[in-house]
Amino acid sequence: MKSILTVKRGIGFAALIMIFVTCFCRFPSYASETAVNERMFPGSVSDKDAALFEDEELTEEDERQLRVKLDEIDRKYDMSGSGSRMSIELLENPELTVVYDPDSGSFSYTMPNGGVFRSTVPLGGMCCSRAEVETGDMTYIDRLSHDGELYEGETGKKATVSADDPEKPVMTSFGTELPGNYSLRIDSQVRTGMKISTCRVSASFRLIEEGERLRTDVLTAPWGYRIKELRLDGKELNVTRPGFMELIRDGDYVAVFEPDPGKADAGRLLPEYSISFFRDSTPPCVSFSKDIRQGPVEGPLEFYRSEDDTVLRLFWNGQALESVPDPVTATGDYRLEAVDPCGNTFSYEFRIQNKRGMPGRYYILIALVLTVFFVIVVLRSQYSMRIL
């Protein structure tokens with residue numbers, strides 16, 4: 001019996017030793033296999049992905065998606081290995097080449113990357129006629145505003161440009177006759193091989209009416225031009241700076257611009273350009289029926305415009321009134337703003353302080369009523385005495 005137990009113990013002990021040796025011998029193999037399977041290289045297929053192809057049957061859709069994924073990895077790996085990468089160049093307000101087309105009456109501007117846009121009004125200039133702006137291939141109007149507010153244009157056209165987002169509709173042209181200041185930003189993206197060249201131009205122009213009065217302090221020459229002559233009320237002024245001139249007096253101005261030889265192709269292809277306007281920087285005047293400079297006045301207070309086109313805005317105790325009463329009678333603090341069509345503004349501040357108590361006409365009325373009452377009482381008393 002003891003011998004049988006001894007044999008069983010020996011067999012069990014030997015089995016334990018064999019299991020231990022087997023596990024000990026296979027441990028390095030497991031460690032090595034795990035390390036190999038976890039190694040990943042850009043653009044390569046891992047052992048797990050290879051086993052997936054060998055052991056499992058994939059559908060056609062799974063194979064297509066996996067093939068696309070692997071192609072992307074290979075492409076990235078090849079680009080990083082060769083050192084070739086997509087380069088992007090951005091130029092803000094670069095030098096432009098400008099020419100003039102007499103047939104269409106437009107100025108054509110070319111950017112360094114080849115982007116082209118055309119305008120019937122020279123950039124930075126003024127004009128009394130209709131303005132037309134049109135862009136060429138790979139060029140579009142990214143932003144347009146009129147007097148500081150976003151503007152779509154009267155005949156703005158939408159098109160598709162092959163840029164970063166081919167599905168994005170952008171503005172490629174617009175036309176307008178509405179007077180005011182126009183600011184626009186034109187973008188152009190041209191791709192050549194592995195390089196994308198982007199040019200961005202911020203420009204502006206102004207449309208005015210014949211004989212319109214302007215409040216402007218500086219006269220700037222349009223792009224590609226310089227100031228040749230400047231006359232005020234028929235008298236020629238000395239042009240000290242061909243690029244821009246400060247205007248310090250009001251009156252009728254006539255400015256003549258000539259091509260600037262310092263601009264590429266400008267001196268050879270641009271015609272002379274002139275504009276006339278009236279500068280008005282004098283604020284409107286308002287007169288009052290009482291002298292408001294001496295302190296509070298008693299209502300009613302009347303006021304008179306010096307010009308019929310002056311717009312009045314009245315504030316009473318800090319609150320803007322929807323309409324301007326004339327005359328003003330209520331007690332309180334007032335501010336009257338006068339604005340002319342050029343934007344010149346002048347404000348007047350005054351205070352109306354009415355005397356307490358009833359107005360004098362009420363006292364007169366009360367006196368008349370008392371007098372009539374007294375006469376009636378006297379007459380009735382005399383009549384009563386006669387009867388007695």
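**Exercise 1.** Decide whether Ser145 is buried or exposed, and list its contacts.

*Solution.* Step 1: take the relative accessibility of Ser145, which is 13%. Step 2: apply the cut-offs: buried is under 20% relative accessible area, exposed is over 50%, and partly exposed lies in between (1.4 Å probe, protein chains only). Ser145 therefore counts as buried. Step 4: leave aside neighbours within four places in sequence; Ser145 then contacts Leu150, Tyr151, Asn181, Tyr182 and Ser183, where contact means heavy atoms within 4.5 Å.

The model is predicted: local features need pLDDT of at least 70, side-chain atom pairs count only at pLDDT 80 or more, and totals for chains, interfaces and linings use all residues. Residues are numbered from 1 along each chain as its sequence is written, and side-chain values use heavy atoms, without hydrogens and water.

**Exercise 2.** Describe the lining of the largest pocket.

*Solution.* Step 1: count the lining residues (an atom within 4 Å of a pocket grid point). There are 17, with Gly124, Gly125, Met126, Asn181 and Arg206 nearest the centre. Step 2: find the strands. S11 (180-192), S12 (195-207), S14 (218-220) and S19 (273-279) each give at least two lining residues. Step 3: sort by class. Nine are nonpolar, seven polar and one charged.

**Exercise 3.** How many disulfides does the whole structure have?

*Solution.* Step 1: look for cysteine sulfur pairs within 2.5 Å. The search finds zero disulfides. Cys199 is buried at 0% relative accessibility, and Cys342 is buried at 15%.

Terms used
1 Å grid on protein atoms, 1.4 Å probe; cavity = no way out; pocket = protein on both sides within 12 Å on 5 of 7 lines; lining within 4 Å. Helix = DSSP H or I, 4+ residues; strand = E, 2+ residues; numbered from the N terminus. Nonpolar A, V, L, I, M, F, W, Y, C, P; charged D, E, K, R; others polar.
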